[in-house]
Structure formats: C-alpha cells, structure tokens
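Subject: Structure handover

Hello,

Here is the structure you asked about. My notes on what was found in it follow below.

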Amino acid sequence: MIRSLYLRVVLTFLLAVTFGLIVAFFATTYVYRDRIELGIEEEMVNTAQDIAETYRLMGTSAADKYMGERHWVKAYSITIVDDEGGRKTYGARRDGETIPDEAVRSVLNGGIYRGDGPPFHRTIGYPLQTGTSRHAVFVQAARTEQLNDLRKIVLTSLLIELGVGSLFILIAARYLVQPLKLMTVATRRIAKGNFNIRLNWGKRKDELGELARSFSDMAEELKQLEQMRRDFVSNVSHEIQSPLTSISGFSKLIRDPGLPANERNQYLDIIETESLRLSRLSENLLKLASLESEHHPFHPVTFDLDEQLRRVVVALEPQWSAKELELELELPRVKITGDPDQLNQVWINLFGNAVKFTPREGRVSIRLEALTDRVKVVIADTGIGIKEEDLEPIFTRFYKADRARQRELGGSGLGLSIVRKIVELHQGSVEVQSQPGQGTTFIVTLPSVPAASKSM
C-alpha cells in the first residue's frame with residue numbers, strides 16, 4: 001500500500017503519461033502509415049513510368065543491361081511481361097506472390113493497373129510500347145523498412161518524451177507535495193499549542209496558495225479562540241474567587257461568639273449577596289453554554305411583543321421606582337413570532353442595564369416600531385454611557401466597560417453576550433450607540449417570523 005502522496009502523484013502521472021504515449025504511438029502509426037503508403041504508391045507509379053520511358057529511349061537490350069546495373073532497382077520487384085507471355089524480372093524477388101492474368105491483359109491493352117494488397121505490398125502496372133511490341137511493366141515494393149522505420153522513429157520519440165516527462169514529473173510532484181509537507185509540520189505545531197504559523201507560500205495564486213491562506217487564517221482564529229478560552233477561564237476563576245473569598249472570610253468572622261448581633265447580621269447579608277451572585281453567575285454560564293450549543297430548545301409562538309415589554313417594565317418596577325427614574329414607553333400593538341422565554345431574557349437584561357447605569361431621576365425610554373417584515377425595539381437611557389473603544393467588544397463574554405462600576409453594581413459581564421446570542425438565534429441583530437455621559441441606546445431588530453421558526 002502506497003502511503004506517500006509524493007509516490008502516488010508520481011505514479012499517477014506516469015501511468016497517465018504512459019497510457020497517453022501508447023495511444024499516441026498507435027494513433028500516429030495509423031495516421032502516418034496511410035500517408036506513407038500513398039507516397040510509396042506514387043513513387044512506384046513514377047518508377048514504372050521511368051522504366052517504360054527508359055525502354056522506349058534505349059531499346060530493349062540496352063535497357064535490360066541498364067536495369068541490371070542499377071542499385072535502386074533492388075528496392076522493388078520489377079517484372080516486364082511481353083505480349084507473348086515472356087517475363088523478365090529485376091530487383092528483389094517476392095516469392096509466393098504472382099501477378100494476376102487479368103492485370104497483365106489490362107496493362108497490355110494500354111491500361112494502368114493499381115493492385116490492392118497488404119500494406120506496402122501494392123502492385124503498379126504500366127503499359128510499354130517498343131516498336132510493334134507491347135509490354136507491361138509491373139512494379140512491386142520489395143521492402144517494408146518504411147513502416148518499420150516509422151515505428152522506430154515514433155517509438156524512440158515517445159520513449160524520449162516519457163523519460164524527459166518522468167524527470168519533470170518527479171520535480172513537479174516534489175514541488176506540489178512540498179507545501180503539503182510543510183503544512184503537516186505546521187499542523188503538528190498547532191496541535192502542540194503553537195499558533196504562530198506563517199506559510200511563506202501563501203502569496204501563490206493557485207489552489208495551494210488559497211489553501212495556505214485559509215490555513216493561516218485558521219491558525220489565527222485558533223489563536224484567538226485559545227486566547228478567548230484562557231481569558232474565559234481567567235474571568236470565570238476571578239468572578240468565582242471573589243465571592244468565595246468574601247463568603248469564606250465572613251463565615252470565619254461570624255464564628256466569634258462575642259460578635260455583636262448587628263455585625264453578625266451584616267456579615268450574613270454579605271454572605272447571602274455573594275451567594276446569590278455566584279448563583280446568577282452559574283445560571284448565566286449555563287444559559288450561555290446552552291445557547292451556544294446546537295441543541296438549545298427553540299419554541300416559537302406568536303405573541304404580543306408590546307405586552308411582553310410592559311410586563312418586563314412592571315417586573316423591574318422596584319428598581320426604577322427606587323431611583324425615581326422617568327419612563328417613556330411607546331409600545332403600539334405588535335405581534336411577533338419567536339421564543340417568548342428567550343426574548344423575555346433579552347428585555348430584562350437590556351432594560352435592567354438601563355436602570356442600573358442611569359443615575360437617580362434619570363430617564364429610560366422603550367420604543368417599539370413595526371416595519372414591513374421586521375420589528376425594532378429601541379431601549380435608551382440617560383446613564384453614564386460607554387467609551388467608543390468599549391463599544392465593539394461590549395458583547396464579549398465577561399467584558400466590562402467600567403470594571404469598578406460593574407463590580408459595585410454586581411455585574412458579571414455575561415448579560416450582553418446572552419442578549420446577542422438570543423437575538424442571533426432569532427435571525428436578528430443588536431447594535432449599541434453611546435457616548436460617555438450622554439447615555440446609551442440599544443437597538444434590537446428582529447424578523448417578524450424568524451427563519452428558525454419557519455423551518456419547524
């Protein structure tokens with residue numbers, strides 16, 4: 001079994017070339033054999049005419065002597081038949097082959113005879129008139145070297161082409177396979193965690209160049225994924241370690257029997273808060289993992305989106321009422337097809353963030369717009385805003401534009417990641433517009449009937 005791609009390529013090329021040369025050999029022989037036969041036949045006709053002319057000019061005796069001394073005569077079997085049946089033969093003899101009587105009669109009567117026969121064995125008959133005597137000159141090819149020479153020439157040429165072509169194939173195959181060997185080495189490096197791969201043949205314009213560019217892009221994406229994985233582990237560890245440290249520390253403090261009751265209750269409140277924080281973090285991680293899996297449940301139904309938004313506002317009333325926020329709602333009746341539980345999470349996260357980051361007596365607005373085949377939900381606030389450099393990565397897991405503020409308010413950095421994933425599952429989009437100190441606006445655009453629900 002051939003395991004080397006280089007050998008496979010070489011053998012495949014050699015087999016293809018060999019088969020092609022064999023076909024070319026027989027095709028060339030077949031094509032040029034007919035041409036050579038026609039050339040030989042024409043040459044035989046000319047030879048017969050020359051012999052007849054020689055006999056007319058020189059006479060029979062002188063011509064007989066002349067024919068016996070010429071070397072070119074040996075290339076043919078020449079037979080001269082007179083009208084009385086006498087025959088003279090010159091040149092090579094062709095045993096076992098006779099000239100038909102009807103051919104002799106035809107030529108003696110002034111006709112020209114072209115006899116069919118095997119390749120290179122044709123017979124040409126030409127009339128000869130000397131005085132009152134009539135003769136028939138028959139010329140037959142006595143040698144078949146032309147065909148053999150043709151075959152030798154073609155075979156030699158093809159063998160030379162095969163040898164030279166094989167040499168070039170060996171070089172070309174190595175040229176083709178070498179990049180794949182380099183890619184194999186690069187793959188092993190990636191498997192060991194080294195993603196700094198740069199293939200110097202990526203500038204090629206052929207398929208290998210495209211493969212190299214794709215491979216380099218893959219290595220870069222894997223590098224980013226690996227970095228994201230490390231950041232994720234680091235962030236999760238940090239988010240978990242902080243509340244665990246608080247829980248552990250305050251648990252030790254409340255063991256003191258002399259601890260005043262008010263301090264004990266304060267520490268217990270901190271432990272409870274940090275426990276809830278861990279619970280929310282765990283819940284968000286599980287939800288995000290489920291959303292990113294291919295088997296997350298999706299149950300689309302048609303419902304009133306305006307009513308769902310109102311229920312979210314009512315559910316979060318303690319938070320925005322405590323901060324005396326001004327609410328502006330523009331919620332015309334709009335129906336949408338989607339998963340109500342998932343979309344409810346989107347509105348809770350976005351509206352909750354708006355309330356959380358808007359200072360006391362600020363303003364939060366929710367506007368619902370029904371377009372032709374889409375629905376747009378705009379949630380805006382007059383809060384602290386987001387810096388321009390933080391807008392692009394704001395939907396990344398564990399990303400916090402203001403970490404000190406987020407930690408103070410209890411954020412984990414997963415809410416917007418969950419929002420984006422749910423919106424994408426509904427074939428929609430989410431964008432953010434913000435300036436520091438000018439508030440933030442989130443715009444969610446959803447199709448009235450998402451593709452995912454159409455296919456169910």
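Five strands make up an open, antiparallel sheet in the order β2-β1-β5-β4-β3; strands are DSSP runs of E, at least two residues long, helices are runs of H or I of at least four, and both are numbered from the N terminus. Two strands count as paired if DSSP finds at least two bridges between them. β2 (87–91) and β3 (113–115) are at the edges with a single partner strand each, so one side of each has no neighbour in the sheet. From one strand to the next the twist averages 20°. Strands β1 (residues 76–82) and β5 (residues 133–141) run antiparallel and are joined by seven bridges; S77 has Q140 in β5 as its bridge partner.

Helix α2 (residues 60–69) packs on this sheet and touches β1, β2 and β4 (123–130), with its direction at about 30° to that of β2. Contact means heavy atoms within 4.5 Å. Helix α3 (residues 101–108) lies across β1, β2, β3, β4 and β5, at about 130° to β5. Axes are lines fitted to C-alpha atoms, for helices over the stretch in contact, and angles run from 0 to 180 degrees between N-to-C directions.

The model is predicted: local features need pLDDT of at least 70 and side-chain atom pairs pLDDT 80 or more, while totals for chains, interfaces and linings use all residues. Residues are numbered from 1 along each chain as its sequence is written, and side-chain values use heavy atoms, without hydrogens and water.

There are eight salt bridges (a side-chain nitrogen of Lys or Arg within 4 Å of a carboxyl oxygen of Asp or Glu). One of them joins D304 and R333 at 3.8 Å, N to O. D304 is in strand β6 (residues 301–304) and R333 in the loop between β7 (326–330) and β8 (335–338), so the pair links distant parts of the chain, 29 residues apart. D304, R333 and K335 form a salt-bridge network.

Another salt bridge joins R310 and D306 at 2.9 Å, N to O. Both residues lie in helix α7 (residues 305–315), four residues apart, about one turn of the helix. D306 is buried at 4% relative accessibility, whereas R310 is partly exposed at 32%. The classes are buried under 20% relative accessible area, exposed over 50% and partly exposed in between (1.4 Å probe, protein chains only).

Regards
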